[in-house]
Amino acid sequence: MSEHVPDPARGAEVLAMDRAHVFHSWSAQRALNPVVIAAGEGCWCWDYDGKRYLDFSSQLVNANIGLQHPRVTAAIAQQAGRLATIAPQHANDVRGEAAARIAALAPDGMEKVFFTNGGADAIENAIRMARLHTGRPKVLSFYRSYHGNTTAAVNATGDPRRWPNEFAIGHAHFFGPYLYRSAFWAETEQQECERALEHLEQVITFEGPGTIAAILIETIVGTAGVLIPPPGYLAGVRALCDKYGLVYIADEVMAGFGRTGTWFAFEHFDVVPDLIVFAKGSNSGYVPIGGVIISDEIAATFDDRVFPGGLTYSGHPLACASVVATIDAMKDERICENAAAIGATVLGPGLRELDRRHPVIGEVRGLGVFWALDLVSDRATRAMLAPYGGSSEAMNALAAECRRRGLLPFINYNRMHVVPPCIITEAEAKEGLGILDEAFAAADAYYQG
């Protein structure tokens with residue numbers, strides 16, 4: 001691991017510049033006190049005081065190959081020296097290479113890739129494709145979901161970040177399966193699956209099948225809780241899409257590219273979507289990129305019809321070079337396989353042991369390096385430790401305890417998400433679990449059960 005020389009004076013300068021000039025997302029600005037990161041490598045970051053942090057957040061669940069992977073940074077540098085940018089209307093070798101590699105990972109019959117700048121505008125364009133392909137306006141999506149912060153994407157979002165941003169039409173929401181907090185009074189996964197699908201078909205019926213273009217679903221709901229669909233649910237969604245002529249859009253922005261131990265999360269559930277949206281893990285965020293993998297049927301809609309969408313930086317050469325290098329490195333280094341193994345042998349058992357030790361943990365769920373702990377103030381009532389749409393002293397204290405002990409957490413409402421890079425080692429994962437054990441000992445003080 002690289003050496004980092006502490007420089008507290010520079011850290012103070014960086015923080016002062018940030019507070020004076022940087023307007024942060026999803027935040028009231030006055031009280032912010034961000035961790036000031038000087039450098040990073042692999043699963044670790046350093047601040048200017050020289051303190052190390054183990055990254056259990058993968059930044060925003062996107063640094064799947066960790067920070068500063070040498071093959072990817074070298075590919076970006078090499079591409080910058082050869083051709084730093086080129087307009088999207090031209091053909092370019094590295095853009096074609098990236099598209100070909102991504103299409104090769106997708107199911108048969110999905111050969112075309114439309115590149116965007118990130119996940120949100122990939123969702124926007126997937127919705128646009130579905131609407132134009134079907135000639136219908138509406139999109140159905142989960143209440144528990146997050147799809148991005150552009151107009152259609154944030155209106156498709158179900159979580160409270162949608163509330164102040166509802167300026168688009170043609171969006172309706174429904175409840176997906178979530179047995180721990182079932183909307184269907186279910187007692188088993190099978191009941192939850194059956195009732196959730198019955199509910200979805202009722203929503204389709206009452207919204208009007210002839211008005212609906214697509215069902216948009218995070219294969220595994222990410223920010224809203226790492227919700228693993230029960231067996232048969234996604235197959236049931238696929239069947240409903242086929243029955244009513246709807247486009248099935250799989251949002252794989254967070255769950256894709258190794259996060260669950262496979263290239264795409266839908267591979268666990270034996271379904272094939274019509275459109276696959278990707279971003280984050282495709283190059284671990286080294287250069288902004290996202291995109292839509294398009295079924296041949298939908299792509300053919302635009303063989304002789306203009307697709308009315310485009311972006312200046314679509315298929316940017318630096319981003320595409322990083323995608324090519326990332327996919328090659330993930331294959332050569334068996335990074336997907338590592339994520340699967342760490343989840344099965346270290347994170348899963350370790351988090352379930354924390355559940356046994358700390359009453360504030362209500363449920364553990366996850367796959368690969370994609371886990372969440374549902375935190376409660378009372379296990380019997382399952383009362384959330386933080387209210388839906390808000391925060392709490394308890395969650396803030398838990399995050400502070402993690403950072404104080406050298407761990408970067410990912411916290412959302414009443415949940416602690418455990419989402420380290422896919423490259424994490426057994427020793428690093430166990431070190432992080434040890435820190436969580438200590439931090440949860442402090443959080444247990446807020447348990448009222």
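Predicted model: local features only at pLDDT ≥ 70, side-chain atom pairs only at ≥ 80, totals over all residues.
**Entry on ring pairs**

I next turned to the aromatic pairs, of which the structure holds 11. I looked at Phe142 and Tyr233, whose rings form a tilted pair with 6.3 Å from centre to centre and 35° between the planes. Phe142 belongs to strand S5 (residues 138-142) and Tyr233 to helix H8 (residues 233-244), so this pair ties together parts that lie 91 residues apart in sequence. I checked burial for both partners: Phe142 is buried at a relative accessible area of 6%, and Tyr233 is likewise counted as buried, at 1%.

I then took up Phe257 and Trp263, which make an edge-to-face pair, 6.1 Å centre to centre and with 85° between the planes. Phe257 is buried at 1% relative accessibility, and Trp263, at 16%, counts as buried too. Both belong to a cluster linked by ring pairs, which I wrote down as Phe115, Phe257, Trp263, Phe264, Phe266 and Phe278.

Leaving aside neighbours within four places in sequence, I noted that the contacts of Tyr233 include Phe142, Phe174, Cys193 and Leu200.

**Entry on helix H12**

For helix H12 (residues 393-404) I compared the length with expectation: its 12 residues, at 1.5 Å a residue, should span 16 Å, and the end C-alpha atoms are 16 Å apart, which agrees. I listed Ala394, Met395, Leu398, Ala399, Glu401 and Cys402 as buried. Viewed down the axis of H12, these buried residues fall within an arc of 160°, and they therefore line one face of the helix. Glu393 and Arg404, on the other side of H12, are exposed. I then asked what covers the buried residues of H12, and the elements found include strand S12 (370-378), strand S16 (415-418) and helix H13 (426-443). Just after H12, I noted that Gly406 takes a positive phi of about 90°.

Definitions and conventions:
Residues numbered from 1 in each chain as written. Heavy atoms only, no water. Phe/Tyr/Trp six-rings, centres within 6.5 Å; stacked < 30°, edge-to-face > 60°. Helix = DSSP H or I, 4+ residues; strand = E, 2+ residues; numbered from the N terminus. Buried < 20%, exposed > 50% of the residue type's maximum accessible area, 1.4 Å probe, protein only. Contact = heavy atoms within 4.5 Å. Expected span 1.5 Å × (residues − 1). Arc of directions from axis to C-beta.
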